[in-house]
Amino acid sequence: MLEFFLHPSNLSLWIIIGIIIASIFIKNFWCRVLCPYGALLGILGIFSPTAIKREESMCRGCKNCDYVCPAAIKVSKKKRINSAECIGCFECVSNCREKDVLKIEFLDFGPISGTFIGILAVLTLLSFWVWGRLSGHWFR
Ligand code: SF4
Ligand code: SF4
């Protein structure tokens with residue numbers, strides 16, 4: 001990888017220039033269109049048990065949620081966000097000034113907090129680590 005940046009070929013330079021130019025016109029072009037990790041997150045997002053719901057009747061249409069969304073999703077126009085482009089950052093939720101307009105829902109169990117999801121994510125990762133250690137798949 002270091003070699004790629006130290007001695008870039010003409011083709012690499014043209015690709016980098018193309019990405020920079022595209023990023024001027026399309027917000028977060030690399031992350032949204034080309035990044036393989038973003039694609040993986042998108043697939044996980046589609047099948048995620050959590051989704052963001054917007055209470056239309058209480059929304060005042062300020063568009064703060066649209067402005068802060070790194071994936072340029074028009075949150076203020078959707079009832080439920082389960083787009084492949086959503087990376088689950090919850091910036092829209094924390095930047096909505098209206099109480100309970102944007103809510104994180106877990107399946108049909110109703111609203112849950114971002115803290116709960118954070119704890120769940122850490123516990124899931126820890127359980128993989130413990131499983132790896134106990135089963136001998138994790139060597140260090
Ligand atoms: S930030 Fe909240 S109130 Fe404003 S448009 Fe988005 S959902 Fe509606
Ligand atoms: S969670 Fe993040 S990526 Fe998804 S809609 Fe909200 S701000 Fe956009």
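Q: What does Cys69 touch, leaving out residues up to four places away in sequence?
A: Two residues are in contact if their C-beta atoms, placed from the backbone, lie within 7 Å. By that rule, Cys69 touches Val75, Glu91 and Cys92. This is a predicted model: local features need pLDDT of at least 70, side-chain atom pairs count only at pLDDT 80 or more, and totals for chains, interfaces and linings use all residues. Residues are numbered from 1 along each chain as its sequence is written, while chains are lettered from A and ligands numbered from 1 in the order in which they are written.

Q: Which residues make up the largest nonpolar core?
A: Start with the general idea. In soluble globular proteins, nonpolar side chains tend to be buried together. A residue is buried if 20 or more other C-beta atoms lie within 10 Å of its own, exposed if 12 or fewer, and partly exposed in between. A nonpolar core is a set of buried Ala, Val, Leu, Ile, Met, Phe, Trp, Tyr and Cys residues joined through C-beta atoms within 7 Å. Here the largest core has 11 residues, among them Cys69, Val75 and Cys92.

Q: Which residues come nearest to ligand 2?
A: A residue is near a molecule if its C-beta atom, placed from the backbone, lies within 6 Å of it. Ligand 2 has 14 residues around it, and Cys69, Cys86, Cys89, Glu91 and Cys92 come nearest.

Q: What is the phi of Lys63 near?
A: Most residues other than glycine have a negative phi. Lys63 has a positive one, near 70 degrees. Lys63 sits in the loop between S1 and helix H5 (64-68). With 13 other C-beta atoms within 10 Å, Lys63 is partly exposed.

Notes
Helices (H or I, at least four residues) and strands (E, at least two) are DSSP runs, numbered from the N terminus.
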